[in-house]
Amino acid sequence: MIVRNNLETGTAAYAKQVQPANDKKDVASKKPQTQEAAAELKLSNQVKQIAEENVLASESDVMDVAKADDMIREANKHILNQAQDAVKVQSGQSVATVMELLK
């Protein structure tokens, strides 16, 4: 299971890389708006990809737990069936023996 949790790709990185146009005082030293939009889209895409990976990993974990639960239930049924068969086999010996087994 790979779950990426990188705070630099989250809100902090977004705040560092993309600032609203009205906050910029020196337009000549800043990136053009098209480059900013491209950076914003790239960052949004990275965040979306990480979120998708996390959802897939979580779904996989849920499926693993459900499968393990089913396997445990089947094992319990098998054990109870074996115990029932053992009681049936030994019941042929005597009724008193069966009563001892059930105690």
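The chat below goes through the salt bridges of a predicted model.

Trainee: What sort of model is it, and what do the values rest on?
Mentor: It is a predicted model, in which local features need pLDDT of at least 70, side-chain atom pairs count only at pLDDT 80 or more, and totals for chains, interfaces and linings use all residues. Residues are numbered from 1 along each chain as its sequence is written, and side-chain values use heavy atoms, with hydrogens and water left out.

Trainee: How many salt bridges turn up in the whole structure?
Mentor: The search finds 3. A salt bridge here is a side-chain nitrogen of Lys or Arg within 4 Å of a carboxyl oxygen of Asp or Glu.

Trainee: What is the N to O distance for K48 and E52?
Mentor: Their side chains meet at 3.6 Å.

Trainee: Where do those two lie?
Mentor: Both K48 and E52 are in helix α2, residues 33–91, and sit 4 residues apart, about one turn of the helix. Helices are DSSP runs (H or I, at least four residues), numbered from the N terminus.

Trainee: Which residue does R73 pair with?
Mentor: D69, with the closest N and O atoms 3.3 Å apart. R73 and D69 are 4 residues apart in helix α2, so about one helical turn separates them. D69 is partly exposed at 34%.

Trainee: And what about K77 and E74?
Mentor: Their side chains form a salt bridge at 3.9 Å, N to O. They are 3 residues apart in helix α2, again about one helical turn.

Terms used:
Buried < 20%, exposed > 50% of the residue type's maximum accessible area, 1.4 Å probe, protein only.
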